[in-house]
Amino acid sequence: MNGQYWTSVFGNVQCRKTDDLKKHCVEIHPLGSQIGRMSEGDSAGESIHGKPSVIGSFFTRLGQIYQSWLDKSTPFAAVRWIVTLILTIIYMIRVYILQGWYIVTYALGIYHLNLFIAFLSPKVDPSLMDDADDGPSLPTKQNEEFRPFIRRLPEFKFWHSATKGVVIAMICTFFEAFNVPVFWPILVMYFIMLFCITMKRQIKHMVKYRYLPFTHGKRTYRGKEDTGKTFAS
């Protein structure tokens, strides 16, 4: 009968012979159909889940604009700190008028104190260095090779974190849940004591390891001016 055939399987090869005595053999991949289905499903999943949502695109774009403004403000250190100072004054006036949110102000002061200590501290603590060859050390002599002071917290990150702290504290003053009733003179006294103890320890550390947290630039040497006079030999 025309069209009848028989099949035989040898490993991954399937052979078929029809009634016209022509033998047709094809290679079979048992997982081929499954892999095809998986690939097709993955492509469909990518088309559904790989496309960013509108909200995600909005926040991504917003983050890019924010980072762009931060990059542009990097050279203007004085302007940046003036803006932060103005925000701090506005926050203090608001707290004084509202007569509340003292615990938020205390937390903001502790946060700024920690940032300031990190700003004054060297990136590599000299007390943790057993050998001077383990890393860059601080200059201890006046005629020693110039090495700039590398801070644990750079100035820009210090400003950025301090400004964010003021903004977050300002936002907290709009929520009554953060207005915890406390006796504010105790918080003021405790903050003054903590500030004095912390700065005393930091100054002792600076004196012990003989470093200053400020770099004034590399010393330059000027040669003698040429007077134009010639000397006979």
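1. Let's start with Arg210, which counts as exposed at 53% relative accessibility (exposed is over 50%, buried is under 20%, and partly exposed is in between, with a 1.4 Å probe and protein chains only). Arg210 sits in the segment after α6 (184-209). It has a positive phi of about 55 degrees despite not being a glycine. For context, most residues other than glycine have a negative phi.

2. Before going on, a word on provenance: this is a predicted model, where local features need pLDDT of at least 70, side-chain atom pairs count only at pLDDT 80 or more, and totals for chains, interfaces and linings use all residues. Residues are numbered from 1 along each chain as its sequence is written, and side-chain values use heavy atoms, with hydrogens and water left out.

3. Gln99 also carries a positive phi of about 55 degrees and is not a glycine. You'll find Gln99 in the loop between α3 and α4. Its relative accessible area is 48%, so Gln99 is partly exposed.

4. On the overall layout, the protein chain has 6 helices and 3 strands (DSSP runs numbered from the N terminus: H or I of at least four residues for helices, E of at least two for strands). Along the sequence the order is β-β-β-α-α-α-α-α-α. Of the 233 residues in the protein chain, 21% are buried.

5. Now for the salt bridge: the structure holds 1, with the term meaning a side-chain nitrogen of Lys or Arg within 4 Å of a carboxyl oxygen of Asp or Glu. The partners are Arg80 and Glu155, with their closest N and O atoms 3.2 Å apart. This pair links distant parts of the chain, since Arg80 belongs to helix α3 and Glu155 to helix α5, 75 residues apart. Arg80 has a relative accessible area of 4%, so it is buried, whereas Glu155 is partly exposed at 26%.

6. Two C-alpha pairs are worth a look. Tyr91, in helix α3, is buried because its relative accessible area is 0%. Tyr91 and Met170 are 79 residues apart in sequence, yet their C-alpha atoms are 6.1 Å apart in space. The other pair is Ser127 and Tyr209, 82 residues apart along the chain with C-alpha atoms separated by 8.2 Å. Ser127 is in the loop between α4 (102-120) and α5, and it is partly exposed at 37% relative accessibility.

7. How do α2 and α5 pack? Helix α2 (residues 54-73) meets helix α5 (residues 155-172) at an angle of about 130 degrees, and their axes are 12 Å apart. Axes here are lines fitted to C-alpha atoms, for helices over the stretch in contact, and angles run from 0 to 180 degrees between N-to-C directions. That makes α2 oblique to α5 (under 35 degrees is roughly parallel, over 145 roughly antiparallel, 65 to 115 roughly perpendicular, and the rest oblique).

8. Finally, the surface: Leu85, Ile89, Ile93, Tyr96, Ile97 and Leu98 make a nonpolar patch of about 640 Å². Patch residues have over 30% relative accessible area and no salt bridge; like charges are joined within 9 Å, and nonpolar side chains (Val, Leu, Ile, Met, Phe, Trp, Tyr) within 5 Å. Areas come from the Shrake-Rupley method with a 1.4 Å probe, and for residues only the protein chains shown count as cover. Ile89 lies in helix α3 (residues 77-98) and is partly exposed, with a relative accessible area of 45%.
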